[in-house]
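Hello,

Here is the structure I promised to pass on to you. My notes on what turned up in it follow below, and I hope they make a handy starting point.

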Amino acid sequence: MDEILTLKNITKKYPIKKGENVLALSDFSFDFNENRLYFILGKSGSGKSTLINIIAGLDKPTSGEIFLDDKNITDFKDFNIDNYRNTFIGFIFQEYNLLSDLSVKENIALALQLQGKKILESEILEVLDKVNIKDLINRKINELSGGQKQRVAIARALIKKPRIIIADEPTGSLDKETSIQIFDILKELSKDHLVIAVSHNEDLAVRYAGEIIKLENGKISSIDIHSKTLYIDKENDRSIINSQMPFLTSFKIGFSYLKIKFSKLIITILLSVMAFTCLGIAITANDYDITQIIINSYVANGYKENLTIYELEETSDNYWNSKCFSLNDINKINEDLNANFKGVYKQINLNSQNFLNIPTLDYKGTYDTTLLLNLSGLISLNKAEFEELGYSIYGNYPTSNNEIAIPYLYYETYKKYGYIDSEISLTPNEITIESLIGKTIKIGFNDLTISGIIDTKLNMEEFSTLKYYNNNDTELNRLYYLYNSIVSYNYHSVGFMLDCASTFTGSANSDNAIYQFIFDDLPNNKNSVSMIVKYFNQKNTVNNKYYFNNSLNTKIDGLDSNLNFYKNIAFYSGLILLLFSTLLLFSFINNSISNKEKEMGIFKALGARSKDVFMIFSCEGIYISIINFILSSVICSILINYFNNSFNYSYLINFDIYNFNFWKIIILFLIIILSTFIAILIPIIKISRKSPIQTINNK
């Protein structure tokens, strides 16, 4: 038995939108023998092309069976049909269907690559020699004549070493002399292959055919046997070769596709870059966290500030008022955080210089901004608790409730401006530590005796530039806010007493809420600071919140409100821009696929799988994605840096609010890749629903 290919009862109907289906083949049955040249003749519409497309696996029959060496290929899945074409079929098209972006050598090598074989130039030269164009190996396709292109197409089919060579009108576009040369080659090939050729030229068919099959209305009208072929018994049990296109080949072809409509590519990239840049900013802005900003402000200032905490509650008229801490509150916080927060009493007016016995100031250019014009509050410590702080004291620590020890910074204020009360007045030149000890200061309605002056070991050297500064200097403004944070509402600015509550309320310290704020030393590592800040922020509610008095204290609410506004804007605009960029890429790639639909069919005819075709356009998308990613990342970094500089200037901070870091860059990259994948997937799925021959015939 020498049959290689058997067709049984093959019927093919093409659906049309209106009316009955078109019948292209009707109950076609035939046995094709090996080592023979068959001609399929017939008028247009007789079913010739449909027949060879079904044999080649480029189209599927409506019904019937096809056997190759007793294997029923009509039962094959799509990927097995691809492998069938890749292994057994060499297809020669009337219009050549060569890839114009590749050279002669590369067009032929592609067939080898799809079979996963090593490319040997000697092997390519061998097949080119068989079709007499060995010297054209490095030519570009557009440099060839029609006859030369058809020879390249034959060589491309031959390099695969197929069992079956199918030629669809291989000389339809050629002159008579060239047509004879092509059929001479096909006749020679039929000595080792089954060759099936479709032609309108009956004279050439009679001259070259071993057997002529005439079709009419999708059926065999006659069979003419012109010569018998001696069957050569040889091993033909070839294993199916799985189709595979190397990634570098996909990458190269995908890159060549970018040349199509280059101006539209540039416009697409520019608009996509704008969209993805905005998306990168949106990703960064949405990562805004007021807790982290507070932590960063402490870290950026070198842990120089104290942790000073207010508790605020919202009133019925939407104002926020200070809510005092009780001893129980403070003890619970210290237990939870293993901290040492102290409560500061401030129920009396400490903001009037007249109460603090400072002469009325003349602000005509003499005001020293580093000095302390009022106390932040009063703190109750016994002598043992004070000694634990490690501070030095000039004079004595208070021994009764009507005595007070003042911080050294406040002594510096007296030394600058003098001291006055109802009985005595001291000029700045007369002020010494000894002259102040024993004097009284009026706080509220109480006269308290200064028992000592406490050196809180405040290093003033780095703040010396603040003396008499004007607020037109941004850097000095920033330093001034830091200085105020360091000296205000902590040991550098409070009065030390034994029991301030007993002095001003007439009762000893109790569980009543009498402390207006609490403070503690700031840990000098970020993890500890983070733990404390997050602890208080987690306790915030809609009507109650904790407020950190740091260098951001007067700006934090405005900053929080603005950043939250930007966050919401960025979130919704990011979603819109993501959709826009995906649609933009979809439009470009869909246009690219439409322009290259025919080439997709050629790849499929050569044996490429659907995923190989997808990979080619994925590579095209990867190129665009890489360009988008690089440009978007660079522009986004520049804009984020600009925004940070603007915030730094407006809010006098020395750290970045927004951080376009490694992980945000990765997120942006993944979004770009995902949107590109979606843009590619939809048109590829649309095209994949067509048979290879439909895409080849696409104009």
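**Salt bridges**

K214 and E202 form a salt bridge, their closest N and O atoms lying 3.0 Å apart; the term stands for a side-chain nitrogen of Lys or Arg within 4 Å of a carboxyl oxygen of Asp or Glu. This pair links distant parts of the chain, with K214 in strand β9 (residues 211-216) and E202 in helix α7 (residues 202-208), 12 residues apart. Helices (H or I, at least four residues) and strands (E, at least two) are DSSP runs, numbered from the N terminus.

Before you read on, please keep in mind that this is a predicted model, where local features need pLDDT of at least 70 and side-chain atom pairs count only at pLDDT 80 or more, while totals for chains, interfaces and linings use all residues. Residues are numbered from 1 along each chain as its sequence is written, and side-chain values use heavy atoms, with hydrogens and water left out.

Back to that pair: K214 is partly exposed at 24% relative accessibility, and E202 is partly exposed too, at 41%. On this scale, buried means under 20% relative accessible area, exposed means over 50%, and partly exposed is in between (1.4 Å probe, protein chains only).

In total, the structure holds 14 salt bridges. Another of them joins D69 to R163, with 2.7 Å between the closest N and O atoms. D69 sits in the loop between β4 (63-68) and β5 (71-72) and R163 in the loop between α5 (146-158) and β7 (164-168), so the pair ties together parts that are 94 residues apart in sequence. D69 is partly exposed at 32%, whereas R163 is buried at 4%.

K664 and D287 also meet through their side chains in a salt bridge (2.8 Å, N to O). Here K664 belongs to helix α21 (residues 662-688) and D287 to the loop between α9 (262-285) and α10 (290-300), 377 residues apart. K664 is buried, with 6% relative accessibility, and D287 is partly exposed, with 46%. Salt bridges that share partners also join E34, D69 and R163 into one network.

**A sheet and a covered helix**

Six strands make an open sheet of mixed pairing, in the order β6-β7-β8-β3-β9-β10; two strands pair if DSSP finds at least two bridges between them. The edge strands, β6 (89-92) and β10 (219-225), each pair on one side only. Within the sheet, β7 runs parallel to strand β8 (residues 194-198) over five bridges, and V195 in β8 is the bridge partner of I165.

Helix α3 (residues 104-114) is mostly covered, with nine of its 11 residues buried. Among them are V104, N107 and I108. After α3 comes G116, which has a positive phi near 70 degrees.

**The largest pocket**

A pocket is an open set of points on a 1 Å grid over the protein atoms alone, where a 1.4 Å probe fits, with protein on both sides within 12 Å along at least five of seven lines; lining residues have an atom within 4 Å of a point. The largest pocket has a volume of about 810 Å³, a volume being the space filled by probe spheres set on the points. Of its 37 lining residues, L58, S691, P692, I693 and Q694 are the closest to the centre. Helix α22 gives the largest share of the lining, five residues.

Happy exploring!
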